[in-house]
Amino acid sequence: MEQRRYEGRNGTGCLTGCVVAVLLWCVASAQLRYSISEGVHAGTAVGNIAKDLGLEKSTLKDRRYRIVSSGADPLFHVNQNDGILYVSREIDREEVCAQSSTCLINLKTVLENPLEVHYVGVEVLDVNDHSPSFPEKEKRLEISESVLPGARFQLKPSRDRDSGHFSVQQYKLSQNDHFRLEVRDKGEDGKIPILVLQKSLDREAAGSHSLVLTALDGGKPPKSGDMNILVNVLDVNDNTPIFSKDIYSVILNENAPVGTTVIQVNATDLDDSQNGEVVYSFGNSVSNSLFTLFDINQSTGEIIVNGLIDYEEKDKYEIEIQASDKGFAPLTTEKSVIIKIIDMNDNAPEIEVTSFSSSIPEDSRPGTTVALISVNDLDSGLNGNVICSIAEDVPFVLSPSLQDKMYSLVTKLPLDREERAKYELTIIAKDSGQPSLSSEKTISVVVSDVNDNSPEFSQSPYTFYVSETNEPGTSVFAVKAFDRDENDNAVISYRILRDGSEENKLTSFLNINTENGDILALKSFDFETLKTFQFQVVATDSGSPSLSSNVTVNVFILDQNDNAPVILYPVSSNGSAEGVEEIPRNVNAGHLVTKVRAYDADIGYNGWLLFSLQQVTDHSLFGLDRYTGQIRTLRSFTETDEAEHKLVILVKDNGNVSLSATATVIVKLVEPKEAFAASDVKSSTKVDEEDNVTLYLMITLGSVSVLFLISIIVLIAMQCSKPTDYTSKYLQDTNYDGTLCHSIQYRSGDKRYMLVGPRMSIGSTIVPGSHANTLVLPDRRRASEEVRQFFL
């Protein structure tokens with residue numbers, strides 16, 4: 001009882017599974033079906049696919065609606081403007097489908113974006129455009145007069161290239177007294193006419209009989225073909241050959257070598273001499289195509305392979321073998337030999353790839369369809385079971401489709417064009433035969449660029465050193481950025497960030513080349529008013545949407561010798577550098593006559609002043625201190641010395657191209673009493689003048705010092721904001737013995753620098769190209785190596 005219930009449930013499950021399988025097959029095989037007659041002209045409309053599928057006509061062209069066909073001369077094409085299926089060339093049903101009962105052509109149509117596959121079946125209807133025809137116009141039969149009524153003589157059938165109802169449907173025999181016609185239906189091989197003797201022959205009454213056999217097809221009106229039959233009446237041969245077996249059946253492997261013996265038939269005849277000798281041949285119903293595949297030995301009855309046996313063309317052959325004696329009126333017996341062909345794995349899988357885009361964006365999501373792949377194997381069973389795979393480890397995978405032996409090539413992982421821009425994918429199709437056969441096909445998948453990378457500067461931040469008095473409108477430095485994307489996504493434009501803040505006000509005097517990043521100064525820099533400044537440059541690519549990044553640019557102004565020395569003392573009432581000094585004639589050697597005072601707005605070497613006597617009346621009387629500008633007597637005066645002496649002092653800075661100024665001092669020798677009286681008057685005046693000069697000097701030095709101090713504070717703040725590996729800090733070195741108030745030391749990374757005065761520390765090195773005002777100091781923290789910094 002329980003077993004019966006189980007069997008009932010099992011039967012219901014099987015029935016349900018079959019129904020589902022049939023429905024799925026129907027959906028996958030064809031969604032639309034049309035029919036047309038053969039022989040219609042090219043351009044004939046078959047059906048409106050777009051309308052029947054409910055597709056929008058306006059999108060067919062954009063979505064590249066088309067028929068996927070591997071044939072070189074397709075039968076149909078679809079119009080992308082109206083979605084109507086048209087005939088491409090005149091169709092001959094007999095050429096396309098031979099004599100199949102149903103001629104159905106399956107078409108595969110596709111749309112892109114998104115991918116859609118629709119299957120359309122077109123049935124080609126037969127037209128009665130061929131007449132029946134016999135393989136020979138005349139048939140000669142030799143029949144012994146002793147043949148009894150009822151004897152049967154099989155004739156070669158008529159062939160009609162049309163199929164179905166329009167093929168040969170009936171035969172007619174001309175009116176006669178001795179023969180009648182029977183028709184034997186052999187299915188695929190058609191109807192076989194058989195001549196039946198219904199009245200004994202009498203050679204003495206008639207030695208021959210002439211008959212006409214007519215074949216008619218099923219057309220309206222029917223078409224026909226005739227064959228003349230000439231019957232010669234022979235003398236008695238009353239025994240027919242008899243085969244040793246009632247049924248001959250054999251199994252043959254496909255691709256069997258030519259000359260292989262398939263089977264041997266045997267027949268015997270009880271007659272004597274020639275009437276008992278048997279010869280073998282193929283029957284009259286055997287088609288001509290079998291003569292290219294098999295041959296028979298007339299003497300032994302061996303059936304031999306004569307051509308290529310292909311299971312994919314036909315898996316079973318039924319051959320009529322005829323055994324005839326050698327009598328004067330030979331008797332014949334026919335027997336069927338059934339040959340079953342066994343499939344061998346002799347066909348490698350075939351791969352067809354339809355690519356729907358030449359490239360795929362790198363931001364495509366996993367699961368995006370790249371191509372449609374179909375495989376086919378002409379073998380059957382396990383030999384035709386194909387498995388598809390991808391040879392390489394790539395971010396793509398083959399996804400089986402609902403349609404049998406169809407795959408979709410889809411993305412498996414996110415793509416990155418900057419990592420890999422092109423993939424060469426090898427599709428491998430392998431069957432399950434033993435041994436298995438496989439085939440490969442390589443397709444190229446190009447990954448198109450998406451703007452997913454921002455521009456990157458070659459340095460961050462940038463630090464540039466620019467000499468003052470630069471030429472306005474020329475490039476002073478440049479920034480450079482690169483983008484890992486390509487084409488427009490990698491085309492970079494530059495701009496200076498101008499936010500209107502107080503710190504960024506200097507950007508109004510800068511301009512940048514938007515294409516190459518060259519930065520131009522619209523005015524000259526003045527070290528004495530500006531030591532350093534900072535701004536930001538923005539690099540933007542041309543993608544959509546565009547991406548950008550910015551970088552900080554630190555600019556340090558390098559001092560140039562652009563300020564000449566200014567004489568503070570002596571200064572006359574009209575503003576010229578000229579003064580008169582009176583000294584007693586009795587002063588001793590080393591007496592301070594006066595001191596020439598001067599200053600230079602430059603710093604370092606450019607602001608280091610040296611004094612020299614350019615002109616003097618007596619070199620033995622006066623000496624000038626090179627560094628302080630003090631004029632002293634070299635010896636005591638004598639009576640022979642002149643009373644007035646003129647000294648021209650040259651004040652020169654230490655720039656590469658030095659600038660200078662001159663001062664003139666007139667020294668008058670007076671008697672001691674006069675000098676004393678004059679000194680009382682002059683001392684008060686001189687004190688006032690010196691006080692004024694000192695005040696001016698203090699104001700000037702104070703202004704320079706305050707400006708310099710502000711510059712140092714700004715520089716320190718800027719350097720502290722940088723990463724530790726690129727900071728610059730001013731240092732204090734207690735061992736430095738310079739004499740200029742402008743001399744400073746600072747550090748940049750692991751390097752130490754100094755703006756120098758008149759005397760240098762031992763071991764210091766002048767940096768080439770620094771206009772001799774910057775030194776590289778030995779780094780006490782790293783005694784084993786010395787790093788030099790070069791300024792532009």
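Predicted model: local features only at pLDDT ≥ 70, side-chain atom pairs only at ≥ 80, totals over all residues.
Leaving aside neighbours within four places in sequence, threonine 664 is in contact with Pro570, Ala577, Glu578, Gly579, Lys646, Leu647 and Val648. I placed threonine 664 in strand β49, which runs over residues 660–670. Its relative accessibility came out at 15%, so I put threonine 664 down as buried, the cut-off being under 20%.

I got seven helices and 54 strands. Buried residues make up 43% of the 792 residues. Of the contacts with a separation of 6 or more, 64% join residues 24 or more positions apart. The accessible surface is about 41900 Å², and carbon and sulfur atoms hold 50% of that.

Then salt bridges: my search of the whole structure gave 15. I looked up a few of them.

- Arginine 33 pairs with glutamate 123 at 3.5 Å, N to O. I noted that arginine 33 is in strand β1 and glutamate 123 in strand β7, 90 residues apart.
- Glutamate 116 meets arginine 63 at 2.9 Å, N to O. Glutamate 116 lies in strand β7 and arginine 63 in the loop between α3 and β3, so this pair ties together parts 53 residues apart in sequence. I have arginine 63 as buried at 14%, while glutamate 116 is partly exposed at 24%.
- Glutamate 182 and arginine 152 have their closest N and O atoms 2.6 Å apart. Strands β11 and β9 hold them, so the pair links parts 30 residues apart in sequence. Both are partly exposed: glutamate 182 at 22%, arginine 152 at 49%.

Note on methods:
Residues numbered from 1 in each chain as written. Heavy atoms only, no water. Helix = DSSP H or I, 4+ residues; strand = E, 2+ residues; numbered from the N terminus. Buried < 20%, exposed > 50% of the residue type's maximum accessible area, 1.4 Å probe, protein only. Contact = heavy atoms within 4.5 Å. Areas by Shrake-Rupley, 256 points an atom, 1.4 Å probe, with all protein chains shown as cover. Salt bridge = Lys/Arg side-chain N within 4 Å of Asp/Glu carboxyl O.
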